[in-house]
Structures are given as structure tokens and as C-alpha cells.
Amino acid sequence: MVTLVVATTTDPASFGPSTALLSMPGWTPGPNLDSGIRSFSNKHLRLLQHDKSIVEEDDLDLRWTQASGEPVDEVIFLSKHTAVSNRPALTIHPIGVPHLKEGDVPPQGGRPGWAAPPNPRMGPWLVLLKKIAHDHNLLPEFEITLEATHHGPITTKPTMFIEIGSTEEYWKREDAARVVALLVWEGLGLDGGTAIGTWNSCSTQKKKVLLGLGGGHYVPRHMDIIQKDGGWVGHLLSGYSLPMEDPGQTKVKAEDVRGTWRQAIKAAYDATREAFPNGEILAHLDQKSFKGWQKNVITEYLASQHIEVGKPSDFY
């Protein structure tokens, strides 16, 4: 099994970390994939570089296996992050557009109603990222945070994005690129240490996995839980990924509320369950981000799907 790390030459926040990663020892050139995608090998890591937008190349995990015969275990994309605040940031997030309905055109890749299995390393790597950033004097200048599930490209294996934000000045920062490269290097155990955040369904003692529902794009209430000890985290659906039409009734049932919110929750839950076999998936609601009727119908729907709801204390 191999890990794919994907970068693009068109994005300095992607090309910079991949260049820093390739400066480390042990690399050998690999075969070119279709469309001129270049590859480099180092132990169980395969670094792919292409020249398109990072969200344009779908099914790279399947295409790599078909071309090389090597089964892919996980996919990690390196990319830039943009934000209205322009604040420097290093972010990690799962991918998917589970709230889009059939016929919608995803603005940044993916397929309507789809969510990739979230990479189990996200929670533990968030803690590791904060440590490496601190050691390289990027704190407190850079914010270290998770983001909600969004955009493509389409993959079938556990996937995450690691991003540098939020303006061109920071996308080109060599120290930030170095930190991201070290996160991958150390996180995958290429430094000779033990890989961090490997999910083992047989031996993992702490098996509770957070499925985040509600809140803003930077999922602060879910972050409060995960950043404490690098717990397991699956999909994170912010409020904009749970579109709900107010039925305008006093007593509201889940069946009365239109919108793709049920579809999004189910897709996110199923993908999280796939990524964490034998894990105990607990939905964690950002309570204050919902109106009373929204919270009630979401809770009702979760119960109908036999999805348990967890309090913050349940994850420690």
C-alpha cells in the first residue's frame, strides 16, 4: 500500500511544499502517469506533480493503481488557502460536496452528493502541525486550524488537504512550505520514527470518531475538542453544507424540512464510517449555530439513522 501526495506547479502553496519535500533524502524518479503527471518515490510515499488546478485531476488513486499496480492507502493534497480575512494560516480539511443536488455544477471539483472518506490522520496531524509550526517560529503569526468539508477532486481513498493561506505573500513563504513538508515527512514516519495518525481497527484503543455538524467554515466548536489531544475526526459539515428550508410551522418534523441536509449528513456519515472501520462514529453538533427547530429535526434524523450524538466529554 502506498500514500499519494499530490501537488501542482500552478500553485506556489502546493509547489513550494512539494519542492521542500523532494529536497529530503531518498527520492527516486517514478513513471509518468497519463496527462504528463510526474511521479517520485520514497519508501511507501509517491509524490505526484501535475500542471493543472489541484481540484481538476479526478480519481488519481484509481489511476495510479491502474498504471503502477500499487494499491493506494490514502491521498494527501497540497494547496493554497484563501480567506476574506487574508490572515496567514495552515489548514487541514476533508473533501466533498455532499450538500449539492444532482444537476448542480460543483464550483471547485467533486461530484454532487459525494464525500471522500476523510483521512484518519487529520486530528493527530493537526496537533503535529501546531508543534512543527511552533518549532519553526510560525506561531502566533499563522493560525493552525481545521476547515469544514468542501470541494474536490474526486477520490475513493481516505483523503485530506493541507493548505497554506491566505494570500500570495504567504503562499510563497519558504518557511511555511518547509513546515508542511516536515508534517508529511514526520507524519508518515519517513524520518525513521513511527507514523502518526494511523487508524488500526484492531488495535486502536480510542475508537470514538467525531462527525462535526454545524458551525462556521473553521468549525470552532469541533476544533475545541480535536485540538486538545488530536482525537479522531471525520467529516465536518458547516452550516452552509446543511441547507434547510424553514417550513414555517410551530411543530416541525424532519420529514417536513426540505433541503439536501439529510443527504449531506448521510454521505458524510457513510464516508466517515468507511474511513474508520470498527470506529464509534459520534455526531457532534455545534449547538449554538442552529435554531431550535433545526437542532430538533437534525437530532430526530440522526436517531432514525441510528447515529449517536456525542457531547464534548464523550470524546476524551
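Rings of Phe, Tyr and Trp (its six-membered ring) count as a pair if their centres lie within 6.5 Å; planes under 30 degrees apart are called stacked, over 60 edge-to-face, and the rest tilted. The structure holds 6 aromatic pairs, and this tour visits some of them.

This is a predicted model, in which local features need pLDDT of at least 70 and side-chain atom pairs count only at pLDDT 80 or more, while totals for chains, interfaces and linings use all residues. Residues are numbered from 1 along each chain as its sequence is written, and side-chain values use heavy atoms, with hydrogens and water left out.

**Stop 1: an aromatic pair.** Select Phe-142 and Tyr-170. Their ring centres are 5.7 Å apart and their planes stand at 85°, so the pair is edge-to-face. It links distant parts of the chain: Phe-142 is in the loop between H3 and strand E7 (143-146), and Tyr-170 is in helix H4 (residues 168-171), 28 residues apart. Helices (H or I, at least four residues) and strands (E, at least two) are DSSP runs, numbered from the N terminus. Phe-142 is buried, with a relative accessible area of 2%, and Tyr-170 also counts as buried, at 13%. Buried means under 20% relative accessible area, exposed over 50%, and partly exposed in between (1.4 Å probe, protein chains only).

**Stop 2: two tryptophans.** Select Trp-199 and Trp-232, an edge-to-face pair with 5.0 Å centre to centre and 90° between the planes. Trp-199 is in the loop between helix H5 (174-187) and strand E9 (208-213), whereas Trp-232 is in strand E10 (residues 232-237), 33 residues apart. Both Trp-199 and Trp-232 are buried.

**Stop 3: helix H3.** Select residues 122-135, the 14 residues of H3. From first C-alpha to last, H3 reaches 20 Å, close to the 20 Å expected at 1.5 Å a residue (1.5 Å times one less than the number of residues). Its buried residues include Trp-125, Leu-128, Leu-129 and Ile-132. Just after H3, Asn-137 takes a positive phi of about 60°.

**Stop 4: the two domains.** Colour domain 1 (2-188) and domain 2 (208-305) separately; these bounds come from an automatic or database domain assignment. Their centres, taken over C-alpha atoms, are separated by 25 Å. Where they meet, 30 residues of domain 1 are in contact (heavy atoms within 4.5 Å) with 28 residues of domain 2.
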